[in-house]
Amino acid sequence: MIFPVLVMVEQLFELFLLVIALSVDAFAVSFAYGVSHIHIPPLSIGILTGISSATLFFSLFAGHFLSALLPTRIMHAFSFCVLFFLGISKVLDNSSNQQANRANKDKNNILSPKESLWLGTALSIDSIAGGIGAVMSPIYILIAVGVSFLMGITAILSGLELGKSLSRRFRKNPGWTSGILLILLSFLTLF
């Protein structure tokens, strides 16, 4: 009886780590927008988080189906490699400010729905690799998508507000923290 509970707790912990790691980029980009005093309207926030959550949904199902086709040891090794190297690339990457600047093409200090489509697509690339690398059962996939959507909204709103309030004092990019979380998650897939 205790074993299924431990499996559930482990799956939920991995789910939350994955969602937090994938939300850090949205936070970092929003932070850059807040520093630049660029407004993100509710529709644009919905588009950003919707694209990322939908991408995560399809990639998690792809990972689930791959796990049914491949032996467990191979799938764990594959998951480890995908998440570990994605994490390393995030630690070394410093492109959140560049993505934010490219997305606001008309320079009107408002991220339009059209601009948010481009940015949402760019931000969701990590969701593809992270979703395929994280092997979850279908019930946890649905939970992950819901949590991803809510966490994305929270990350965007908090990044905007923090960026606005600290725009004169703090210009660091917090995007590397998602890399650390993905590396941690990669090691959890080995167990």
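In this predicted model, F58 is exposed, with a relative accessible area of 60%, where buried denotes under 20% relative accessible area, exposed over 50% and partly exposed the range in between, for a 1.4 Å probe and protein chains only. F57, at 24% relative accessibility, counts as partly exposed. Local features need pLDDT of at least 70 and side-chain atom pairs count only at pLDDT 80 or more, whereas totals for chains, interfaces and linings use all residues. Residues are numbered from 1 along each chain as its sequence is written, and side-chain values use heavy atoms, with hydrogens and water left out.

Rings of Phe, Tyr and Trp (its six-membered ring) are taken to pair if their centres lie within 6.5 Å, with planes under 30 degrees apart counting as stacked, over 60 as edge-to-face and the rest as tilted. The count by this rule comes to 4 aromatic pairs. The F57 and F58 rings, whose centres are 5.2 Å apart and whose planes stand at 75°, therefore form an edge-to-face pair. F57, F58, F61 and F65 are linked into a cluster by ring pairs.

A nonpolar core is a set of buried Ala, Val, Leu, Ile, Met, Phe, Trp, Tyr and Cys residues joined through side-chain atoms within 4.5 Å. The largest such core has 14 residues, and Y33, I40, L48, L111, L119, L123 and I156 have the most contacts inside it. When neighbours within four places in sequence are left aside, I40 is in contact (heavy atoms within 4.5 Å) with S30, Y33, I45, L48, L111, I156 and L160. A second, separate core comprises 12 residues, including L60, A134, I141 and A144.
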